[in-house]
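Open the structure in your viewer and keep the selection panel at hand. Each stop below says what to select and what is there.

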Amino acid sequence: MIEVKNLTKAYGNFVAVRDVSFKAENGSILGFLGPNGAGKTTTMRIITGYMPATAGTVLIDGLDIFSQSLEARRKIGYLPENPPLYLDMRVEAYLRFVAKLRGVPRAKIESALDHVLEVCGLTDMPHRICGQLSKGYRQRVGLAQALIHDPPVLVLDEPTIGLDPRQIHEIRDLIHHLSGNRTVVLSTHILPEVSQICDKVVIIADGRVVLEEYLKKLPAGTSLEDIFLNAITKERHEDGASAEETLEEVGAGHT
Amino acid sequence: MKNSLTIAGKELSGYFLQPVAYVVMTVFLLLGGFFFFALLRYFEVTLTAYSAMQNPEVLQRLNLNERVIEPMLHNLAIVLVILVPAITMRSFAEEKRTGTYELLLTAPIRTGEIVAGKFIAAAAFMLIMIGLAGMFPLILVAFGNPEVGVMFSGYLGLAFLSIAFVSIGLFTSSLTQNQIIAAISCFGLLLLLFVISWPTQGGGGALVDLVRYLSLPDHFAQMVTGIIDTRDIVYFLSLIFVALFLTQRSVESARWR
Ligand SMILES: Nc1ncnc2c1ncn2[C@@H]1O[C@H](COP(=O)(O)OP(=O)(O)O)[C@@H](O)[C@H]1O
Ligand SMILES: [Mg+2]
């Protein structure tokens with residue numbers, strides 16, 4: 001379970017994230033949707049404890065990411081926007097390093113390694129040098145490092161960005177398959193991604209949440225695209241449009 | 001501690017995945033060998049000259065340590081001023097630039113463990129390099145009769161100096177994501193340690209005393225002449241401690257609200 005409570009983040013005078021709150025329930029996949037520059041990466045960096053919020057807090061399975069940072073971080077697997085690979089290391093050595101860093105017991109490292117290589121489709125790649133991998137395979141290694149300690153919470157920042165359609169499909173399947181009983185938050189600006197694999201969608205625009213809703217509760221006949229476009233244009237015109245209003249409007253347009 | 005060793009292992013093997021480490025080591029050993037050869041040659045010439053003059057008193061005073069090892073160590077200290085920044089500049093700056101910093105800072109480890117790991121690796125690298133340069137005096141032991149204790153003290157001084165240098169290098173690297181800026185500011189600080197006492201000539205007072213204490217050449221020269229004094233060891237240890245403390249603060253500051 002991830003609870004984001006009233007997060008605000010200012011870079012100097014510029015407020016990138018403003019009073020953002022949402023909740024990702026246990027075992028669900030939450031799609032964090034928003035145009036470029038909306039504040040997705042900033043929010044995820046705060047959730048994972050990489051940077052502090054200016055105000056507000058995040059609870060990871062009830063642990064505060066600021067005051068109980070070490071314990072909270074232990075529960076998280078994180079794929080940043082750019083896969084954090086050491087480009088001159090071999091895949092295998094890199095994943096072993098992350099496993100140790102993430103506290104996987106020595107005796108379990110080899111089986112954890114075999115498992116993520118298998119799951120992420122890297123069984124032919126363990127001896128390759130990270131810097132020589134294609135973008136798609138770097139993304140897989142990035143996912144593998146996020147999974148190596150079998151974390152209950154997974155935070156993925158645009159896991160399909162920059163991939164070709166076939167790779168996007170593969171990574172999407174992979175995320176769907178490995179979610180299991182994990183809590184997953186994944187950010188994207190690609191709409192179909194959300195409707196295909198997510199249970200819940202949070203739309204963010206200009207640093208504010210404009211919609212938080214379960215996909216199955218969206219009014220029948222409305223497309224996510226309409227909701228998204230409506231939500232982000234609404235945001236531009238009048239501040240603070242509520243989720244209900246947004247939904248009503250889109251729903252009305254389709255009846 | 002375990003986490004520090006994990007990071008140290010990654011860092012140390014990382015040095016050798018990169019050509020920089022080999023270049024630094026080669027340059028250091030080649031220059032060391034050159035100094036050694038040149039000084040030894042000069043020593044020999046002087047020896048022959050005085051022998052020809054039949055001057056036993058001067059011959060008595062010609063000392064292998066003083067004439068060869070000491071100046072070689074002083075020269076190597078200056079070489080380290082240039083080479084250490086090349087080794088440490090990557091440590092934090094490169095991680096910030098490529099994004100692996102995000103991996104380190106979101107892992108369940110303390111910032112102190114990250115700093116300690118990088119320090120252990122850089123210090124180990126220096127000890128390996130200086131250890132290899134230890135073959136020069138070994139040649140003297142094989143063919144002559146030098147004072148082993150004095151040589152040991154000199155090499156110990158060089159080891160302390162190099163470890164203090166890498167601590168300062170880690171600090172400047174932690175301040176930026178640009179390797180060049182990290183290297184140049186490290187270079188500037190190291191050079192400053194050599195010249196800081198220049199304006200204190202003939203002065204007095206607490207500040208002047210402090211600045212004189214900070215001056216590196218005096219402490220190093222003591223050890224090179226064979227005097228292992230706790231004051232000089234404390235000097236190097238405090239440099240290391242202060243630089244690492246500042247590095248830890250600088251890394252930790254990313255977590256401050
Ligand atoms: N380190 C930073 N310093 C200043 N501004 C930043 C920084 N990181 C992001 N921003 C700004 O904050 C806003 C949100 O960025 P980001 O969270 O990366 O958005 P997204 O991931 O949704 O594209 C953008 O306008 C971006 O320019
Ligand atoms: Mg982003």
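This is a predicted model: local features need pLDDT of at least 70, side-chain atom pairs count only at pLDDT 80 or more; totals for chains, interfaces and linings use all residues.

**Stop 1**

Where the two domains of chain A touch, domain 1 contributes 12 residues and domain 2 contributes 10 residues.

**Stop 1: the surface between the domains**

How much area is buried between domain 1 and domain 2 of chain A? The value is about 800 Å², and carbon and sulfur atoms give 57% of it. Now select A:L154, A:L163 and A:R182. These residues supply 46% of the area that domain 1 of chain A buries against domain 2 of chain A, more than any other three residues.

The side chains of A:R182 and A:D150 meet in a salt bridge, with N and O 2.8 Å apart. One salt bridge is found across the interface of domain 1 and domain 2 of chain A. Four residue pairs are in polar contact across this interface of domain 1 and domain 2 of chain A, both residues having pLDDT 80 or more.

Next, select α2 (69–74) and β7 (153–157) of chain A. These are the elements that give two or more residues to the side of domain 1 that touches domain 2 of chain A. The largest share of that side, three residues, comes from β7(A). By type, the residues on this side of domain 1 of chain A are six nonpolar, one polar and five charged.

**Stop 2: ligand 1**

Select ligand 1 and show the residues around it. Which residues are around ligand 1? They are A:Y11, A:F14, A:A16, A:P35, A:N36, A:G37, A:A38, A:G39, A:K40, A:T41 and A:T42.

- A polar backbone atom of A:A38 is 3.2 Å from an oxygen atom of ligand 1.
- For A:K40, a backbone N or O atom lies 2.8 Å from an oxygen atom of ligand 1.
- For A:T42, a polar side-chain atom lies 2.5 Å from an oxygen atom of ligand 1.

**Stop 3: chain B**

Hide the ligand and select chain B. How many helices and strands does chain B have? The count is 13 helices and zero strands. The C-alpha atoms of chain B fill a box of roughly 75 × 50 × 30 Å along the principal axes.

**Stop 4: where chain B meets chain A**

Show both chains. The contact takes 24 residues from chain B and 28 residues from chain A. About 2500 Å² is buried between chain B and chain A, with carbon and sulfur atoms giving 60%.

Select A:R45 and B:E102. They form a salt bridge in which the closest N and O atoms are 3.2 Å apart. One salt bridge is found across the interface of chain B and chain A, along with eight residue pairs in polar contact, both residues at pLDDT 80 or more.

Finally, select α1 (2–15), α5 (90–98) and α6 (100–106) of chain B. Each supplies at least two residues of the side of chain B that touches chain A. Of the elements of chain B, α6(B) gives the most to this side, with seven residues. The residues on the side of chain B that touches chain A divide into 11 nonpolar, six polar and seven charged.

Conventions:
Residues are numbered from 1 along each chain as its sequence is written. Chains are lettered from A and ligands numbered from 1 in the order in which they are written. Side-chain values use heavy atoms; hydrogens and water are left out. Contact means heavy atoms within 4.5 Å. Buried area is the accessible area (1.4 Å probe) that two parts lose on being put together, summed over both. A salt bridge is a side-chain nitrogen of Lys or Arg within 4 Å of a carboxyl oxygen of Asp or Glu. A polar contact is a pair of N or O atoms within 3.5 Å; within protein, one must be able to donate a hydrogen and the other to accept it, and residues adjacent in sequence count only if both atoms are side-chain atoms. Helices (H or I, at least four residues) and strands (E, at least two) are DSSP runs, numbered from the N terminus. Ala, Val, Leu, Ile, Met, Phe, Trp, Tyr, Cys and Pro count as nonpolar, Asp, Glu, Lys and Arg as charged, and the others, Gly among them, as polar. A residue is near a molecule or strand if one of its heavy atoms lies within 4 Å of it.
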